[in-house]
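Trainee: I would like to learn how to read a model like this one step by step, from single residues up to sheets and cores. Could we look at it together?

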Amino acid sequence: MDRKEFLAMFGISAAAFAVATCMQSCSKTPTTNTAPTIDMKLDLTQPSNHALTLNGGYLYAMGVIVARMNTGAFIAVSQACTHQGTSIVFQASAAEFVCPAHGSTFGPTGMVGNGPANVNLKSYSTALSGNILHVWG
């Protein structure tokens, strides 16, 4: 095999590999978020949970972002943006979660508002009993 034949064969192999890789990644569009199941209770009298005593406040716990909307309602979704895993933040004025890395936005239930993320955040249930906020899902 001379140099010209080798380069031609190498080029065809590289192209075939690139096409196969592209086709595989294109066919694997994620449809669900694989965030972990959690069950936690947050005591709102504890200083570490103080942010949740204020409307618009939020905190991170066990891979979840727990926020208190301006209405006083509690919401919780997975902490990592589904685009590239950056920790999202809560913007109370817009009642949405925002990824500071690339600008993806998610509604209060974790539903994608704007990309580049195309997979919803996992949403968790919340219930307040006295000073204890139960988050699960």
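Trainee: Is Tyr-60 buried, partly exposed or exposed, and what is its relative accessible area?

Mentor: Please keep in mind throughout that this is a predicted model. Burial is read from the relative accessible area, with buried meaning under 20% and exposed over 50%. Tyr-60 has a relative accessible area of 36%, so it counts as partly exposed. Tyr-58 is likewise partly exposed, at 28% relative accessibility.

Trainee: How are the rings of Tyr-58 and Tyr-60 arranged?

Mentor: For an aromatic pair one reads the distance between ring centres together with the angle between planes, and planes over 60 degrees apart count as edge-to-face. The structure holds 2 aromatic pairs. Tyr-58 and Tyr-60 form an edge-to-face pair, with 5.9 Å from centre to centre and 80° between the planes. In the pair of Phe-90 and Phe-97, the ring centres are 5.2 Å apart and the planes stand at 50°, so this pair is tilted. Phe-90 and Phe-97 are both buried.

Trainee: Which residues does Gln-79 contact, leaving aside its neighbours within four places in sequence?

Mentor: Gln-79 lies in the loop between strand 4 (74–78) and strand 5, and because its relative accessibility is 16%, it counts as buried. Once those sequence neighbours are left aside, Gln-79 is in contact with Tyr-60, Gly-63, Val-64, Ile-65, Thr-86, Ser-87 and Ile-88. With Ser-87 there is also a polar contact between the two side chains, at 2.9 Å.

Trainee: How many bridges join strand 3 to strand 4?

Mentor: Strand 3 (residues 64–68) and strand 4 run antiparallel and are joined by 5 bridges, and Ala-67 has Ile-75 as its bridge partner in strand 4. The two strands form a hairpin with 5 residues between them, where Gly-72 in the turn has a positive phi of about 100°. Strand 4 also pairs in the antiparallel sense with strand 9 (residues 123–129), over 2 bridges; there, Val-77 stands opposite Ser-123, while Ala-76 has Tyr-124 as its bridge partner.

Trainee: Why is strand 4 described as largely enclosed by the rest of the structure?

Mentor: The reason is that 5 of its 5 residues are buried.

Trainee: Which residues of strand 1 make up the covered face, and which the uncovered one?

Mentor: In a regular strand the side chains alternate between the two faces of the sheet. In strand 1, Met-40 and Leu-42 form the covered face, whereas Asp-39, Lys-41 and Asp-43 form the uncovered one. Strand 1 pairs with strand 10 (residues 132–136) in the antiparallel sense over 5 bridges, with Asp-39 opposite Trp-136.

Trainee: Which members of the largest nonpolar core touch the most other members?

Mentor: In soluble globular proteins, nonpolar side chains tend to be buried together. The largest nonpolar core has 15 residues, of which Met-40, Leu-42, Leu-52, Val-66, Leu-133 and Val-135 touch the most other members. At least two residues of this core come from each of strand 1, strand 2, strand 3, strand 4 and strand 10. Val-66 touches, among others, Met-40, Leu-42, Leu-52, Leu-133 and Val-135, not counting residues up to four places away in sequence. A second, separate core of 14 residues includes Ile-65, Ala-67, Phe-97 and Cys-99.

Trainee: What is the strand order in the open sheet of 4 strands?

Mentor: That sheet has the order 5-6-7-8, with antiparallel pairing. Its edges are strand 5 (89–91) and strand 8 (112–114), each with a single partner strand, so one side of each is left without a neighbour in the sheet. Strand 6 (residues 96–98) and strand 7 (residues 105–106) run antiparallel and are joined by 2 bridges, and Phe-97 has Phe-106 as its bridge partner in strand 7.

Conventions
Residues are numbered from 1 along each chain as its sequence is written. This is a predicted model: local features need pLDDT of at least 70, side-chain atom pairs count only at pLDDT 80 or more; totals for chains, interfaces and linings use all residues. Side-chain values use heavy atoms; hydrogens and water are left out. Two strands pair if DSSP finds at least two bridges between them. Buried means under 20% relative accessible area, exposed over 50%, partly exposed in between (1.4 Å probe, protein chains only). A polar contact is a pair of N or O atoms within 3.5 Å; within protein, one must be able to donate a hydrogen and the other to accept it, and residues adjacent in sequence count only if both atoms are side-chain atoms. Contact means heavy atoms within 4.5 Å. Rings of Phe, Tyr and Trp (its six-membered ring) pair if their centres lie within 6.5 Å; planes under 30 degrees apart count as stacked, over 60 as edge-to-face and the rest as tilted. A nonpolar core is a set of buried Ala, Val, Leu, Ile, Met, Phe, Trp, Tyr and Cys residues joined through side-chain atoms within 4.5 Å.
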